[in-house]
Structures are given as structure tokens and as C-alpha cells.
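Q: Could you take me on a close look at the strands near the end of this chain and how they pair? I would also like to hear about the salt bridges.

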Amino acid sequence: MDPITPLNIDNLRDSLTGKIVGSAFHYHESLSSTMDETRRLALDGAAEGAVAIAEEQTKGRGRFSRVWVSPPGLNLTFSVLFRPEIAQLPYINMAAALAVCDVVNDLTDETASIKWPNDVRIGGKKLSGVLVETDLVGRELNHAVVGIGVNVNLDPSQHPEIAEIATSILAHSGHEVDRSDALRRLLTHVDRYYADIRNGASLKDLWASKLETLGKTIEVRWVDDVIEGFAESVDEQGNLLLRKADGDLMTVVAGEVTLQV
Ligand code: BTN
């Protein structure tokens, strides 16, 4: 196997033109999870926009405490600290997925779509996952940590356990990608969306336009039940509005379901 080219964080610091995202970089060869490291930074009073990034996570996690598999040095695994208004929180999740779609657009000839709530996919295979963890005290939001994992130079065929369900930028660009450049693009897109959010913009319509889930009959695991319905639309918070066979419209909250499409 080729030796790993480490991320060039110094270069990144100099080349980022954004206002907030990338205000500080905390680069690690190995961490348990960038989510924990970013939370620690937040509790230490770090300014928003701080990024914790690791070449390897020993306990990378996804939604529902699933393991996030990412071989060292091939992909991007990082988290960003935000201190938004609580009403802006749903848009942060949307911003992360939209920014990944933009990077796919920058680096490949493909168009990525989003499987509700936040898997970015190409051709039905997962390219990226987004995990948002918040520190709430009552209705007060202390901070939000947005974790993004993107398969960049992963060759899925080399990893039988995910070969059928995962894809990467490499698989669609046909050549190895400069991860530092991919990260710079990604953070720049996130920063632009965050500026829009802070200016009062809603990202819901743009995000909804990329949701491959809408207009399909799907199954949703809800507590111990599996509910079937037609994915009609999403509300402003990003919740899914599911029309059931009996005609009822059910609001499915992103944090609580597993989709079976
Ligand atoms: C999912 O699809 O379930 C979300 C996956 C999120 C993975 C990223 S990788 C960087 C950050 N650190 C983690 O431990 N998880 C997120």
C-alpha cells in the first residue's frame, strides 16, 4: 500500500478564507473520536469554528452509537464546534450534508443526494455521514458539535464489510484526491452556509431538494415498531412528514428512527 500523505494543516490554515469555520485547528494522528475532543474544546471555552481532526479514530461513532469505520489516513474524519441560536440548530445539520454534496460537485462529475436525515450518497451508496451532538441546558444551547466523516480515498472493494454499501470520492473521480484540498473545500462550503444561517436564511428548501427519500414509500423503525408510509415532505426543523396508509400524517423526528428504504 502507498504510504499515507498526512493532511497539510499549515497550508489549510493559510488558505481558508472563511469567517468562522476553521478559526482554530486541532490535528491529531489518533483520537478516540473527534466528537469527544471537540466537546472538550467547547467546555474549555474554545471559540466557535474550531475544528478537531484525526487521521484515525479508535472509537469513531455514528448515529445510534454505531461504529464509524474509516481506515487511517484515507478519508476525512473531523468535528466542528458551533455556538448557534437554538432555532438555527436544524440548519447546521443541513449545512454539513449540503457542503459534502458541494464537494462532490467540485471534485467529480456525479451529483450526490441525501438520504434523510443526513447520509450523503452517490448511486445509492454512502459517501458521508453527519453526526450532531448538542449540549443543552433546558432550552439554552451551550454548543453543538458537528462531526463529518467523508470517504475520500477509500477503495470500498478492499473492505468487504462495507464494499456493498459504501462509496468514496476516489471511486467517482477515478484518481486519488488531495485530502487537504477536499477538506479546504468542505470547510469553505460549511462556512458559507453558516454565514447564511447567521443572516437568517433557511436551508430547508435547498436541503429538501437533495433528499432522495422524498416521494418514496419507505419503512421507518420507530421505537419497537416498523412504520410504512409515503415520505411526503420535511418541515422546517428537518423532520420527515410520513403519510401512513390510514391517511394520517406522522412527524418523524430525525434522532429517533432508522430508515429501511
Ligand atoms: C452516521 O452516518 O451515522 C454519522 C457518522 C459520523 C462520523 C463522523 S467521523 C468524525 C466524527 N467523529 C465521530 O466519532 N463521528 C463523526
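A: Happy to! Let's start with strand S9 and strand S10 (residues 240-243), which pair in the antiparallel sense over four bridges. Helices (H or I, at least four residues) and strands (E, at least two) are DSSP runs, numbered from the N terminus, and two strands pair if DSSP finds at least two bridges between them. This is a predicted model, where local features need pLDDT of at least 70 and side-chain atom pairs count only at pLDDT 80 or more, while totals for chains, interfaces and linings use all residues. Residues are numbered from 1 along each chain as its sequence is written, and side-chain values use heavy atoms, with hydrogens and water left out.

Within this pairing, phenylalanine 230 has arginine 243 in S10 as its bridge partner. S9 and S10 make a hairpin with five residues between them, and glycine 238 in that turn has a positive phi of about 90 degrees.

S9 (residues 225-234) also pairs with strand S8 (residues 217-222): six bridges join the two, and they run antiparallel. Here glutamate 219 stands opposite glutamate 228 in S9. S8 and S9 form a hairpin too, with two residues between them; valine 223 in the turn has a positive phi of about 55 degrees.

Now for the salt bridges. A salt bridge is a side-chain nitrogen of Lys or Arg within 4 Å of a carboxyl oxygen of Asp or Glu, and by this rule the count comes to 16.

One of them joins glutamate 212 to arginine 121, with the closest N and O atoms 2.5 Å apart. This pair links distant parts of the chain, 91 residues apart: glutamate 212 lies in the loop between helix H6 (204-209) and S8, and arginine 121 lies in strand S5 (residues 119-122). Buried means under 20% relative accessible area, exposed over 50%, and partly exposed in between (1.4 Å probe, protein chains only). Glutamate 212 counts as buried because its relative accessibility is 18%, and arginine 121 is buried at 16%.

Another salt bridge connects arginine 179 and glutamate 55, whose closest N and O atoms are 2.9 Å apart. Those two residues are 124 residues apart, with arginine 179 in helix H5 (residues 179-198) and glutamate 55 in strand S2. Both arginine 179 and glutamate 55 are buried.
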